[in-house]
Amino acid sequence: MEYGDWLAYEPTDNRFVSLAYYAYDAMVMAKIERILERRDKAVEYQLLYQEIRREFMRRYGREEGLLKEQSQTAYLLALMAHLLPREKEKQAAEILAKKIEDNGYRLSTGFVGTGILMQTLSRYGNHHMAYNLLMQRDNPSWLYSVDQGATTIWERWNSYRKDQGFGDAAMNSFNHYAYGCVGEWMYRYMAGIDTIEERPGFEVVLLRPQPDTRTFVPKGENRITWVRASYESPRGLIQVWWQWRDGVFDYEVTLEEGIEAVLCLPETGQESQVEINGRQIQWKTGERIALKGERRQESSPSKSPLPIRVRMRPVPSREAPLPAS
């Protein structure tokens with residue numbers, strides 16, 4: 001049986017899926033060999049990747065550098081494995097977002113595409129579309145299953161429907177992780193607890209919360225105004241909380257003593273001022289803020305680490321002075 005993008009709502013050529021993953025495998029192997037300082041093998045895998053990439057574009061590329069295959073999954077795989085010309089990647093990401101919008105802000109991906117859908121949107125800066133998908137309630141979507149009574153991740157979005165009951169029992173798992181991949185996005189982007197590739201094992205924690213700053217919300221959806229999350233990393237417990245309200249972003253992180261982190265505050269499209277623990281700091285959009293977990297004073301009744309509180313709010317507008325009379 002050829003599974004391809006299993007249970008997709010929109011077909012993608014199975015050979016396309018296989019070739020894209022072949023390229024991705026070669027790309028990852030080249031990276032692993034470079035880390036292990038096995039240069040000859042790294043070159044071998046890099047040459048293999050380039051050969052597969054050329055074959056991929058010969059089979060599936062159009063003259064202008066985009067794709068013949070037009071499914072959401074096709075664009076996701078091409079972006080994941082960097083199979084398109086680099087100068088076309090941003091345009092491909094925009095096409096992907098437009099396809100989701102034209103589909104009623106719904107995904108059409110199967111197991112393969114859904115696994116990289118949310119992360120790819122955020123990697124190219126389209127957090128708003130990721131939130132549109134997360135909060136979607138029509139089939140197919142995560143909340144559609146919840147509305148049908150789901151308390152686990154199902155194999156199909158509609159494994160059970162309130163108006164029709166159970167689906168075909170021949171293939172209808174009610175404990176099937178595949179679509180649970182959204183949890184990765186919720187931790188890495190929504191809560192913003194992530195790693196830095198060059199400092200593995202949470203040697204330095206990357207904190208990059210992405211609040212729901214959508215100005216347009218599709219019909220039937222709500223905004224997420226706050227998030228609370230925790231993660232037990234190899235270096236210790238990381239706890240975060242944020243709230244986005246009226247253009248003000250309040251953020252709190254608690255790191256166990258000695259944990260180092262860098263904080264990337266969200267881009268809001270307006271000039272902002274930042275306070276840490278009530279003290280205003282000099283900060284420019286895009287700058288990383290270094291943080292470190294500290295314990296409370298010995299005299300403190302609480303033994304938990306000190307929380308770090310951050311507030312980002314718009315710079316007050318400066319009214320033009322009145323003309324002299």
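1. In strand β11, I289 is the bridge partner of L263. The two strands concerned, β8 (residues 260-264) and β11, pair in the antiparallel sense over five bridges; strands are taken to pair if DSSP finds at least two bridges between them. The model is a predicted one, in which local features need pLDDT of at least 70 and side-chain atom pairs count only at pLDDT 80 or more, while totals for chains, interfaces and linings use all residues. Residues are numbered from 1 along each chain as its sequence is written, and side-chain values use heavy atoms, with hydrogens and water left out.

2. The side chains of β11 (residues 288-292) alternate along the strand. Buried here means under 20% relative accessible area, exposed means over 50%, and partly exposed lies in between (1.4 Å probe, protein chains only).

3. On the overall architecture, the secondary structure of the protein chain comes to eight helices and 12 strands. Helices (H or I, at least four residues) and strands (E, at least two) are DSSP runs, numbered from the N terminus. The C-alpha atoms fill a box of roughly 70 × 60 × 60 Å along the principal axes. Of the 325 residues in the protein chain, 45% are buried.

4. The whole structure holds 18 aromatic pairs. Rings of Phe, Tyr and Trp (its six-membered ring) pair if their centres lie within 6.5 Å; planes under 30 degrees apart count as stacked, over 60 as edge-to-face and the rest as tilted. One of the pairs is F56 with Y60, which is tilted, at 5.6 Å centre to centre and 45° between the planes. F56 and Y60 are separated by about one helical turn because they are four residues apart in helix α2 (residues 39-60). F56 has a relative accessible area of 0% and is therefore buried; Y60, at 9%, is buried.

5. A further ring pair is formed by Y131 and W185. The ring centres of Y131 and W185 are 5.3 Å apart and the planes stand at 80°, so this pair is edge-to-face. Because Y131 lies in helix α6 (residues 127-134) and W185 in helix α8, the pair ties together parts that are 54 residues apart in sequence. Both Y131 and W185 are buried. Elsewhere, ring pairs link F111, W142, W157 and Y179 into a cluster.

6. Helix α8 (residues 182-191) also holds Y187. With a relative accessible area of 38%, Y187 is partly exposed. Together with M186 and Y231, Y187 makes a nonpolar surface patch of about 260 Å². Patches are made of residues with over 30% relative accessible area and no salt bridge, like charges being joined within 9 Å and nonpolar side chains (Val, Leu, Ile, Met, Phe, Trp, Tyr) within 5 Å. A salt bridge is a side-chain nitrogen of Lys or Arg within 4 Å of a carboxyl oxygen of Asp or Glu. Accessible areas come from the Shrake-Rupley method with a 1.4 Å probe, and for residues only the protein chains shown count as cover.

7. As to cysteines, a search of the whole structure finds zero disulfides, a disulfide being a pair of cysteine sulfur atoms within 2.5 Å. C181 is buried, with a relative accessible area of 8%, and C264 is buried at 18%.

8. The loop between α4 (89-102) and α5 (111-123) contains T109 and Y105. T109 has 0% relative accessibility and so counts as buried. From T109 to N222 the separation is 113 residues in sequence and 23 Å in space, C-alpha to C-alpha. Y105, at 16% relative accessibility, counts as buried. The phi of Y105 is near 60°, a positive value in a residue other than glycine.

9. D246, although not a glycine, has a positive phi of about 55°. D246 sits in the loop between β6 (236-245) and β7 (248-255) and is exposed, with a relative accessible area of 73%. N139 and P140 are joined by a cis peptide bond, with omega about 0°. P140 is placed in the loop between α6 and α7 (142-147).
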